[in-house]
Amino acid sequence: MSPDSSILGISAAITGGIQLLGFLVAYKLQTEKFYDILGGFNFLVLGIYSAIDGEYPGGAWYDNTRKVCATVIFSLSRAWLLLFLAWRAHERGGDARFDEVKDKFGMFLLYWFVQGIWVFCISLPIIFINASDKAFDGLSVLDYICIVAFAFAVVFEIVADVQKAVWVKAGRQGGFCQVGVWKYSRHPNYFAEMLQWWAAWGLSFGSGSGWGDAQWWVSILSPVITMNILLNTAGTGVANANGKNLKRYYDHYPDYARYRKETSILIPMIGYKYVPMFLKRTIFFDFARYEYRPEEASSSMNEAKKSK
């Protein structure tokens, strides 16, 4: 049986309504302080709505272990995101991304529209699971693996975020974070975020009609978009934290080059320095474009000075 498409449509409408209302209030007040917070809130609303509307003829929502596990883990993940983003917004007192756009109606609206697309697409596996009217006949081996991976990734990301926040509050000792899980991965939080949505997508397989289920394949947008944002999108994720933005580390912290060479960019591990370069550049996602090139950094700084 295919998931109820009406739940998918209503979820999209809810997301559109939340983001539009948020934009109107933010534009009126000329503030971006609750942009990220409303994104986290939107996730929670979709999880709760799809669970409530996801009752099916074969039994109640709470009788379907797959639905319960998926929704609970998803809600914990997004609740942490909401808390973390609220704390970050308070600490920063604003977001420089919006300095040049929040007074421009169309451009500011586009930011909220993109956030809505992001929230909806990332939530697709959970909506798919809760909307399914397929009779539940127990968890499969794949379900167990994905539930464990999903829960592990959420906990791991929380640990990474907390350890980094504590390190920052303590004065950024050493100049770059090497505490806890950050000793084994340069971006453990991004690793966990990616793992979450691959696990969620894998978990949703049992709620569809098999490999030919088109709706299940559409929900792969969740992990694919997450990886694209974190790996390829300028101004955020790994792409933003590497390249020319590494200048401050290479200029002021001699140990950083060693840390970078010996520490995995994403997957937490020991012995990364022994991994062949062709593997680092492929399956480990440590792409050449993330390397620091002094000439490019200097060129960017000169262009920035000229534009002032």
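For these notes, a salt bridge is a side-chain nitrogen of Lys or Arg within 4 Å of a carboxyl oxygen of Asp or Glu. I ran that rule over the structure, a predicted model, and the count came to nine salt bridges.

**Entry 1: overall build**

I started with the secondary structure. I find 14 helices and zero strands in the protein chain. The radius of gyration is 21 Å, close to the 19 Å from the globule rule for 308 residues, so the chain is as compact as a globular protein of that length.

I looked up α2 next, which runs over residues 35-52 and has 18 residues. From first C-alpha to last, α2 reaches 26 Å, close to the 26 Å expected at 1.5 Å a residue. How many of the 18 residues of α2 are buried? I get 13, so α2 is largely enclosed by the rest of the structure.

One residue I noted there is D36, which has its place in helix α2. D36 has a relative accessible area of 17%; the cut-off for buried is under 20%, so D36 is buried. I also took a distance from D36 to S219, which is 183 residues apart from it along the chain. Their C-alpha atoms are separated by 23 Å.

Then α7, for which I count 17 residues. Its first and last C-alpha atoms are 25 Å apart, close to the 24 Å expected at 1.5 Å a residue. α7 is mostly covered too, with 14 of its 17 residues buried.

Side chains of opposite charge can pair when their charged atoms come close. I looked at D286 and R186, whose side chains meet in a salt bridge at 3.3 Å, N to O. Where do D286 and R186 lie? D286 is in the loop between α13 (277-280) and α14 (294-307), while R186 is in the loop between α6 (141-169) and α7 (188-204). The pair therefore ties together parts that are 100 residues apart in sequence.

D286 counts as buried at 4% relative accessibility, and R186 counts as buried at 5%.

**Entry 2: salt bridges inside helices**

K247 and D251 meet through their side chains in a salt bridge of 2.7 Å, N to O. I place both in helix α11 (residues 247-252), and because they are four residues apart there, about one helical turn separates them. K247 is partly exposed at 24% relative accessibility. D251 is partly exposed as well, with a relative accessible area of 42%.

I found R258 and E262 joined by a salt bridge at 3.6 Å, N to O. This pair sits in helix α12 (residues 256-262), four residues apart, about one turn of the helix. My accessibility check gives 39% for R258, which is partly exposed. E262 is partly exposed at 32%.

I also noted a network: R260, R281 and E291 are linked by salt bridges.

**Entry 3: a nonpolar patch**

Which residues form a nonpolar patch on the surface? I get M107, L110, F113, V114 and I117, with about 460 Å² of accessible area together. I followed up V114, which lies in helix α4 (residues 105-122). V114 has a relative accessible area of 47%, and is partly exposed.

**Entry 4: cysteines**

Last, I looked for disulfides, and the count comes to zero. C121 is in none, and the nearest cysteine sulfur to its own, that of C146, is 20 Å away. C121 is buried, with a relative accessible area of 11%.

The cut-off for a disulfide is 2.5 Å between the sulfur atoms. C146 counts as buried too, at 7% relative accessibility.

Technical notes: Residues numbered from 1 in each chain as written. Predicted model: local features only at pLDDT ≥ 70, side-chain atom pairs only at ≥ 80, totals over all residues. Heavy atoms only, no water. Helix = DSSP H or I, 4+ residues; strand = E, 2+ residues; numbered from the N terminus. Expected span 1.5 Å × (residues − 1). Buried < 20%, exposed > 50% of the residue type's maximum accessible area, 1.4 Å probe, protein only. Patch = residues over 30% accessible without salt bridge, like charges linked within 9 Å, V, L, I, M, F, W, Y side chains within 5 Å. Areas by Shrake-Rupley, 256 points an atom, 1.4 Å probe, with all protein chains shown as cover. Rg over C-alpha atoms; globule rule 2.2 N^0.38 Å.
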